[in-house]
Each structure stands twice: as structure tokens, then as C-alpha cells.
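Hi there,

Here is the structure I promised to send over. Have a look at it first, and then read on for what turned up around the ligand.

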Amino acid sequence: LKFCQELPKIELHAHLNGSLSDETLNKLLRRGPTNNSYASTIIGKGERRTMQEGFEMFRILHEIVVSPEIVVEVTKDVITDFALDQVKYLELRSTPRNVLSSGMTKRSYMEAVLTAIQRYREENEDRCRIDVRYLPSIDRSKSVEEAHETVKLAEEFSLSTNGNLVVGVDFSGNPHANDGADYIPPMMQARRANLHLAVHMAEVEGKKEETKKLLELLPDRIGHGTFISNEPGVRDVVLKKRIPLEVCVTSNIKTCTVPEDHTKHHFTWWRQEHQHPCIVGTDDKGIFATSLSNEYSIAAGALGLSRRETFNWSKEAIDHVFADIDTKSRLRQTWDDYWKSNL
Ligand code: 5GP
């Protein structure tokens, strides 16, 4: 674990509100007026829960993170947590929400996330260098119309930040809700606007038809893809196109979609049988009480990787970031410098 803590890392699969630490949550709850009975449900987490129970946690978190000021604060806290875990590049995803009580709109939510990224950068210019990008999320439990609104705003903010901060769109939300294929038009709209696509799919069993349709989009990365390896029809597309999988081992175990034995997690099949690109991520480090170092330690352990192989794997993630070529070159330099000084 110590080696993984010191290793420079890339985090590409982190949902903002699921990533709040207990410290951040305690701080917010102490301020009230949020009902304190929430605290017992969400603090000291990390137990195994069903997917539905997991989504109930998000509902509670959304009742706490209700204003642009809070969004700025929690975003900065989450960036700090990742920076302290030696994450050098972070793509943070989050669903813009309208909150009537505070007057927060999807637009002011997104502005708040971007403000936090910029402020963190200004306040930490010399220390803890971390590059952060934002992927606005489409929540599949909400309407297709809302998805279009989110994509439109993503497009607008991508342009106003010269493509430097909003680099793509995430498709997530309760995998049991609605038909994922209904959200293909907004995702195509994002693609036309030069936004990358990170798409959750096949996270639960029995979604073969939906997965097939989502794959026609040729997403840039797949979130989880837990049940793809069981389905030759879809599996072959992913293998042939070498679409990277974002793997979140602890999250999958705690939401009971994979066995508890790490060596039986689907990523071992993709890596060992096909050397397929897989990117280690936390998903919701707060809810699942994990860290990216911990996820690397588990994943490298399951594959029996040496230090050099683990380093190469963390460096390989640079190939799949949504940022521009210059950022990728800078990151590769950081990795090479690290290896030279730690030989
Ligand atoms: P937020 O978008 O509010 O920052 O982060 C929480 C949201 O991310 C959840 O409401 C849900 O839409 C999405 N999310 C977080 N974890 C998962 C996951 O494991 N699977 C899916 N499909 N969506 C998730």
C-alpha cells in the first residue's frame, strides 16, 4: 500500500458527491440545519449495500450539497483529498442539479464546480500539483430533456474555457432506471460538440440489448462494464475497438455486483487474457471508504504485479485521459521523473 500511496496516479472515475470524506460531511452537518439523523446513515460508511441502498445514499448527500457555495467548498475538499493521495490528474464527474430552496440551477452548479477547480489551482500553484477537469454527468433516472440541457451547458462551458476544463460528458445514475438507449441522442449531441464520452454500462445483469445500443456510440471509455465479459456479442466489440474500461473494485464489491475475492473481479479477465486497457478508479471514495492508492494496491495484488508493472499501469492511464496532447506529455514527464528519482 505504501508504494501505491507514493505512486503518481490518474483518477478518471470519481463522482463528486460520492467522494466527500467523513471530515467534509461532518463539517457540513455541524453547521445544520440539515437533519442530523442523516449523519448516522452516511458517516462511517463503507459497508456492503445493495445498489438501491447505494443510490439512497446519494439522495441524502444531495439534500446536504444544496447551494453553489457548498458545491465550491466540497469540490475543493475533494480535489485536496485526491492531491494528497498523489493523484496528478483528476477527471471529476458530477450531475448539475436545480435546487429550488436555494435557487441553485444546473448552470450555477456547473459554474461552482469550475470556480472550485480554478480557485484550487490559484491557491496551490506551487504545492500539490494536480490537473483537474470536469465531466458533467447525465443522470439516467432523470428525463432525456434534462440530459439535453446538461449537454447544452457542457458544450457552452467547454467553449468558454477553451476546451481546457470541461472535456467530456459522463452517463451515469441508477442502472435500473429507464432505458439507457433513450439517452443516445443527447450523447450524440455531446460528441458533435467535440466532448468525449464516458458511459456507464452493463453495471448490472440483464442489460445486453441496452449495452449493444450504447456501444454503437463507440464511447471513449466504459464505466464498470461489469457484465460485458459474459456476453460474446458485446465483448468482442469492446475488445476489437479496445475501448478502455474504468474499473472500481471496492465499489463493485460493496454494491454486491461482483464476488468479494479480488482475483475474481472481471478486470483480471480483461487484463490477463487480453491485455485490455483498464483504468483503476475509486467511483465514490467517500461512500465506499476507499482511496485510489487502496484501489491500486488491491488491483495490483490481484494480478500479482511487480512495482515496475504497477508503475507502468498507472502511467498507461495517461493514454486515456480526455485532456489535450500537451497535458499528456507533461504527465508522462512527471511519471518518468518519479521513476528516475525512485529507482
Ligand atoms: P454527483 O453526480 O451528485 O456528484 O455524484 C453522485 C451521482 O453519481 C449519483 O447520484 C449517481 O447518479 C452517480 N453515481 C455515483 N456512483 C455511481 C455508480 O456506481 N454507478 C452509477 N451508474 N452511477 C453512479
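**The ligand and its pocket**

The shell around the ligand is made up of three nonpolar, nine polar and four charged residues. Please keep in mind as you read that this is a predicted model.

Which residues come nearest to the ligand? Of the 16 residues around it, those are H62, S94, T95, G173 and E203. As for secondary structure, helix 4 (51-64) and strand 2 (87-94) each supply at least two residues of this shell. Helix 4 gives the most, with three residues.

T95 has a polar side-chain atom 2.6 Å from an oxygen atom of the ligand. At G173 the backbone takes part instead: one of its polar atoms lies 2.7 Å from a nitrogen atom of the ligand. L16 also uses a polar backbone atom, which is 3.5 Å from an oxygen atom of the ligand. Taken alone, the ligand exposes 500 Å², and the protein buries 97% of that.

Among the 38 residues lining the pocket, F55, H62, T95, D139 and G173 are the closest to its centre.

Several elements build the lining: helix 4, strand 2, strand 3 (131-139), helix 7 (144-160) and helix 11 (249-254) each supply at least two residues. Which element gives the most to the lining? That is helix 4, with six residues. By residue type, the lining of the largest pocket divides into eight nonpolar, 20 polar and ten charged.

Happy to go through any of this with you.

Best wishes

Note on methods
Residues are numbered from 1 along each chain as its sequence is written. This is a predicted model: local features need pLDDT of at least 70, side-chain atom pairs count only at pLDDT 80 or more; totals for chains, interfaces and linings use all residues. Side-chain values use heavy atoms; hydrogens and water are left out. A residue is near a molecule or strand if one of its heavy atoms lies within 4 Å of it. A polar contact is a pair of N or O atoms within 3.5 Å; within protein, one must be able to donate a hydrogen and the other to accept it, and residues adjacent in sequence count only if both atoms are side-chain atoms. Accessible areas come from the Shrake-Rupley method with a 1.4 Å probe; for residues, only the protein chains shown count as cover. Helices (H or I, at least four residues) and strands (E, at least two) are DSSP runs, numbered from the N terminus. Ala, Val, Leu, Ile, Met, Phe, Trp, Tyr, Cys and Pro count as nonpolar, Asp, Glu, Lys and Arg as charged, and the others, Gly among them, as polar. On a 1 Å grid over the protein atoms alone, a cavity is a set of points where a 1.4 Å probe fits but cannot get out, and a pocket is an open set with protein on both sides within 12 Å along at least five of seven lines; lining residues have an atom within 4 Å of a point.
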